[in-house]
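Colleague: I would like to learn how to read a few features of a model. Please take me through them one by one.

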Amino acid sequence: MRWQSRARQATDTSNPVFNLAMDACILCARCVNACQSSHQFIGAIEVLGAADTARIATAGDKPLAESICTTCGQCLSVCPTGAISVKQPPAPAIPTHTVSTTCPYCGVGCGIRLEVDNAGENGIAETIVASHDDPNNQSSVGMLCVKGRFGYTFVQHDDRIKTPLIREGERHTGAFREATWDEALDLVASRLAEYRGNAFGTLCSAKATNEDGYVQQKFSRLVMGSNNIDHCTRLCHAPSVEAMLTSLGSGATSNSYTDYEGAGCLVVIGCDPTSNHPVAASRMRRAVVERGAKLIVVNPRRIDMCDYADLWLRPYPGTDVALFNALAHVILAEGLADTDFVTNRTEAYDEWRAIVDQYTPERAAAITRVSEDDIRVAARIFARPPVPKGGDPERGYGGSCLIWGMGITQHTNGTPNVHSLLNLALVSGQLGRPGCGISPLRGQNNVQGCGDAGCLPNSLPGYQGLRADTMTRFGEAWNADGALPRVAGMVVTDMVDSIGETDGVRAMYITGENPLLSEPDLNRAEELFRKLDFLVVQDIFMHETARLADVILPATSFAEKDGTFTNSERRVQRVRQVINPVGDSRPDWDILCDLARRMCDRLGLPWQEQFAYQHPSEIFDEMAGLTPLIAGISYRRLDAEGGIQWPCPTPDHPGTTFLYADGFPRGDRARFVGYEQGPVAAETPSERFPLVLNTGRVLYHWHGGTITRRVEGLVARAPALEVSINPGDAEQYGLRDGGPVRVRSRRGELTGVARYTYRMRTGEIFVPFVRLSDSAANFLTNAVYDPDSRIPEYKVCAVRVEPGE
């Protein structure tokens, strides 16, 4: 019989990042396994056909770009023949060096191996060639998302700020000119000397390293005499931190990603892990598909995880307290509470129960629009989940993980929302053992570490409050002799609001953040920033806030410096320098130390030696020596062992995979804190503004897009600002799918592209945070705040839509 060749298939070039060419495929199916059962659990590709028609293809033989493919590149990483290949191959130079470091995007903290060329004698190269996954990383276990694998090219983008810039002529409108470091830092030192104390405020970066943050808060407290120090946690998980500190004594995630895979139930609340934390989402899907975990999704918008869910609860925005109180009501009424845990490990139970008893499923259904039956089923699954495959059957039921995002925090009732979640964990005893716990998913790569390093207005590194004993210890270590400010400073939202006031902030130093894209009501925010006497921005790209600065200082990216990041599961991991600094840019900590020494010289302050570090390892050692949570961690250990989870109090301690096994940082008992359901939002729909705006992130961009808008492949996957709207609403307001749309609120407007989708309920629309084509959601959002945490209400405001031009 004569051999018959396989039918030729056209190369699939639809994906803007990589191609799939069947003429080079040997049908080993490694790509299929990587997409499905061994890594990602997405299932975008499969072996279709048989014999000479067999091929790798998507469901329905659609092009890759039209499938559920997320462009993570896991298939590319395992392909042995080059059948799956990047569109833009590496530079012609032969790669000579690979460096293990940590991804600079979301809070999952994935390990990446950056491949570089032209490595010199010191191992520091000039060009990044590719980014690969790291199978040895304990957080990502060999997985990456599209941003981690293909989003590295921003590092050497032509838009990088390469030299200090000083504005000349009129403030805010005069042109920038290039300057030397001496000229720029001398100018900053002379001007900031006028604003020591409460007139000074600084915004630290959750994208920078722990060492950068530690030096910045030390500079603000020691040299500037100000506790007006904050970072982007104020805008994402401040309610989570406030509530957890009150109830438990710690503001961090209690468990590890491995606990997702060991849980009997995952409750995913107010977040879209597939878009925001893709590798964590893969571990959640593994728990459901391989180990039989139950999945409950709580979200007003249908997300991809709903495809795997046993139950989807769809509350009306702003009604979370009523929903969570009702779940607790069912747990108590049906005898599902962990009475031993409640009795022996909690307090204030009676006061909380008096509130919860009022929230019957019937009452909650009327408030939330979630059915009574679904409330009861969700409570039963959460309190008594099945034992997962391979789990310990001794207890009789498995553990449950509460996993949440900004969908419940970015509200005027954000802190009550989180307390109501924590109460569910307490009443069911879902803390202090493997396979359960509480997980606020952190948005930025080092937002956990930035708080750990003391970039907060009310605590020093390690969440050590401004108590007399703590102030004395830090004062002695920093040779401050009682000079440290002892009154809590302002959070960033209050700093911005205070600009122009008699006792408000008059000068700001902003590192690696862009408040004129992240603040609510951007038109109002810009008006306030224009009232500052002096503004310094330290960053890698020119952006909306930098355009108003008096001085711009060029910082290095993650790939050009050493340091550490701390991810969502409290894992401290190394960041390693891969390439030489772009232009004359310098690490954030180095710039701040230079500025601090110049200011000490100018003002006659005795702290020059406090900023004389030669390497970031020295900064980390000082921070660890003053911070019990990380006292046992060092660069030596991190380099030898990989990432370590705090608390790690001694050099021989292995790190802590889950918290609260024996007690709580606040004492022996956790505290129930009950809340009534308050107003759903500060602004509700009206005849003039009949729709509710919901905001969030998308997979192919990161936050406001300052970085990802400079990655060609990511922009190709998400080139326009899409306004997701139910088709019924779209037709009512004269919109067409893919056509231009204008969205207006009482504060501003934006333009985008209408996208018909049944993911949205009628009466609600969704707009991502990213700024594209000069439009951004925060032109619409409302500058009203949760009174406890001072987070803005990004998640609910009233808008209207109309056809765009």
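Colleague: Which residues does Val268 touch, not counting residues up to four places away in sequence?

Modeller: First, the ground rules. This is a predicted model, where local features need pLDDT of at least 70, side-chain atom pairs count only at pLDDT 80 or more, and totals for chains, interfaces and linings use all residues. Residues are numbered from 1 along each chain as its sequence is written, and side-chain values use heavy atoms, with hydrogens and water left out. Now contact: it means heavy atoms within 4.5 Å. Leaving out residues up to four places away in sequence, Val268 touches Pro273, Met284, Leu295, Ile296, Val297, Val298 and Ile403.

Colleague: Is Val268 buried or exposed?

Modeller: The scale is relative accessible area: buried is under 20%, exposed is over 50%, and partly exposed is in between (1.4 Å probe, protein chains only). Val268 counts as buried because its relative accessibility is 0%.

Colleague: In which strand does Val268 lie?

Modeller: Strands are DSSP runs of E, at least two residues; helices are runs of H or I, at least four residues; both are numbered from the N terminus. Val268 lies in β12, residues 265-269.

Colleague: How far apart in space are Val268 and Thr173?

Modeller: They are 46 Å apart, C-alpha to C-alpha. In sequence, 95 residues separate Val268 and Thr173.

Colleague: Now strand β24. Which of its residues are on each side?

Modeller: In a regular strand, side chains alternate between the two faces of the sheet. In β24, Arg571, Gln573 and Val575 are on one side, with Val572 and Arg574 on the other. Both faces are covered. For the strand, residues 571-575, that makes 5 of 5 residues buried.

Colleague: Which strands pair with β24?

Modeller: Two strands pair if DSSP finds at least two bridges between them. Strand β23 (residues 563-566) pairs with β24 in the antiparallel sense, over 4 bridges. There, Thr566 stands opposite Val572. Strand β25 (residues 644-645) also runs antiparallel to β24, joined by 2 bridges. Here Arg571 faces Gln645.

Colleague: What lies between the strands in the hairpin of β23 and β24?

Modeller: There are 4 residues between them, and Arg570 takes a positive phi near 65 degrees.

Colleague: Which residues lie nearest the centre of the largest pocket?

Modeller: The search uses a 1 Å grid over the protein atoms alone. A cavity is a set of points where a 1.4 Å probe fits but cannot get out; a pocket is an open set with protein on both sides within 12 Å along at least five of seven lines; lining residues have an atom within 4 Å of a point. Ser275, Asp304, Tyr700, Glu722 and Arg759 lie nearest the centre, among 36 lining residues. Elements that give two or more residues to this lining are α8 (273-276), β28 (722-725), β30 (749-756) and β31 (764-768).

Colleague: How much space lies in the largest pocket?

Modeller: A volume is the space filled by probe spheres set on the points, with grid points joined across faces, edges and corners. The largest pocket holds about 1,200 Å³.

Colleague: How many cavities of 30 Å³ or more are there?

Modeller: The count is 13. The largest cavity has about 670 Å³ of space. Its lining has 41 residues, and Lys207, Gln444, Gly512, Glu513 and Trp702 are the closest to its centre. The second largest cavity has a volume of about 360 Å³.
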